[in-house]
Amino acid sequence: MSSQKNLSALTAGGLLVSLGIVYGDIGTSPLYTLKAIFNSVVNGGQNVDVNLVLGALSCIIWTLTLQTTVKYVVITLKADNKGEGGIFSLYSLVRKNAKWLVIPAIIGGCALLADGIITPSITVTSAVEGLQLKFPSVSVIPIVLAIITALFVIQQFGTDLVGKLFGPVMFLWFSTLGLLGLLYVVQDLSILRALNPYYAYELLVNNPMALLILGGVFLCTTGAEALYSDMGHCGRKNIRVSWVFVKATLIFNYLGQGVWVLQHGNYNTTLNPFFEIVPSEYLLFMVALATCAAVIASQAMITGSFTLISEAVRLNLWPKVRINYPSNQKGQIYVPSINWILWAGCIGIVLIFKSSGAMEGAYGLAINLTFLSTTILIAAYMKRKKVPIYVIGTFLVIYILLELTFLIGNMAKFFHGGWVTVLIGSALFTVMWSWYVARKIKNRFVKYVEIEDYFEIISELSSDISVPKYSSQLVYLTSANFKTEIESKIIYSIIQKEPKRADVYWLVHVDVVDEPFTRDYKVEFLIPGKLIRIDFKLGFRVEQRVNLLYRKVIEDLVKNGEVDITSQYTSLNKHKIAGDFRFVLLEKHLSKFSKLSFYERSIMDYYFVLKRLSLSEERSFGLDSSYVDVEKVPLIFVTPDDIELNRLPV
């Protein structure tokens, strides 16, 4: 608790950490945002004039104000889940409000993962392309591929040491951004007219290419979601205060680029205003600094993707995957499967598009969907907090209209690369949606029985020496939420399939709760000394190492004298040797004779394909496979009542 309080406190160290973790994506937007806007206009046959520059800059400034400052910094950061943020943390807070809220949560999560593929590609490529100003013949692609590959390779070793450099590097980056922009702003103070929202309004109303321009403007705020996702690492106060500095430096840099464009007329699409405002003698330094900032932005997206997937697994929205903990740094995880999927995606994007300009079409569309999803979930959170309905309505109208307008603008880029984002996001959506729906279908066919009806049989079986002993301590994982119930399949496994005699039968239930770091348990002695149930309540960010958790509970029970796990075999009992443990996992399969619709059968077929590719049950629960038996049971039991037969006379 104290560490959480320290994390939430406003400190110089916390502000520096915020700069290093939170702002990588939004902080590298000046590399390509104005370039994307002006290139789209010039390619569309328009000239870059004063009205266009002032209008574009005004759109950027007010997008950063409305979308990033008001929506995320002021409003969304209030929706903290025990200090944690992110779209799945937000979903955990509101999922009991309405079942359909899982849809925006899944869409937002998939869009964030898709963005995790696009962000490293465009940011690193944009930074390295600065070398061509000094060395026109240099080949950018091999350098970009090498940097991206190295970035993904080091993930497995942990980034604790590198992470300590992120804050100072990003402080230098933002300070340099602000200084470079300010040097040009003082040359033409009339550029400050862009602070007036009238110029944004004038551009959007009168320019026939307004929607295309908005697609470029949106790039300035693509990293806004990170302000919320990384709240648990930095604390709300540190993010809010550091954003004042970050926003000021970003606006100065955009304004400075605008001054340079006005000073040089006849805008050339081969130029990047960002690097043009850098004095030639400092160009290589700026390229190196931009590359570092791009790597930090990419690192933030990668680690964010790891956290997102680990939460999705525990919320039953993603197949079980291996999760490693490469360092002692709190919250740092490594998901090998996602790491290499992201790497392959980034390499593919770079090889397909070959330049940051070509990638701009693919960028923005994904995160736009995340923004819309967050808006819907925040409105649900406001309702839960009993915020007046007119306030919720105003919030929804403003941000749904704003983000739908941006979405329409981004859809204009669909055939210029946006299709890639849609394709990646759709593929991820099929995985999350199928896994979620399949679990609902499975639960529908789980039959529960009153466990009390079997107390006598279980007690007698435990003492029946005519039945070979299966294990001293026999453990089943149960999904029954109430201690009075048990799956009929578990009773079938114990009593009928192969009678399993044990000294003690254990039922272990894991309940994932909406708080992030809860680690609670309770013990129920259903049949004293014979049948014991353990209920774990674990937060959605807690690793479900059932084997270790179970053994820790047993140690506590033995220490308190509540259970005796000494072996009942005569030769071992006299030496006080502990009995053996065995876990039995019931693995469901889909029988050919099952009453499912075409849609449900398709979902289940896809689910079982994903299940074969995912981590096995024993490994996902942290169980030693040498102590685990896996029994296959049909998802749907077929009874004689389901079959019609006609007996023919002899």
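Visitor: Are Arg 533 and Asp 535 buried or exposed?

Guide: Buried means under 20% relative accessible area, exposed over 50%, and partly exposed in between, with a 1.4 Å probe and protein chains only. Arg 533 is buried, as is Asp 535. This is a predicted model, where local features need pLDDT of at least 70, side-chain atom pairs count only at pLDDT 80 or more, and totals for chains, interfaces and linings use all residues. Residues are numbered from 1 along each chain as its sequence is written, and side-chain values use heavy atoms, leaving out hydrogens and water.

Visitor: What does Arg 533 form with Asp 535?

Guide: Side chains of opposite charge can pair when their charged atoms come close. A salt bridge is a side-chain nitrogen of Lys or Arg within 4 Å of a carboxyl oxygen of Asp or Glu. Arg 533 and Asp 535 form one, with their closest N and O atoms 2.8 Å apart.

Visitor: How many salt bridges does this rule count?

Guide: The count is 10. Among them is the pair Lys 71 and Glu 403, at 2.7 Å from N to O. Lys 71 is in helix α5 (residues 50-75) and Glu 403 in helix α21 (residues 389-411), 332 residues apart. Helices are DSSP runs of H or I with at least four residues, strands are runs of E with at least two, and both are numbered from the N terminus. Lys 71 and Glu 403 are both buried.

Visitor: Which parts does the salt bridge of Asp 503 and Lys 469 tie together?

Guide: The two side chains meet at 2.8 Å, N to O. Asp 503 lies in strand β4 (residues 501-513) and Lys 469 in strand β2 (residues 469-477), so the pair ties together parts 34 residues apart in sequence. Both Asp 503 and Lys 469 are buried.
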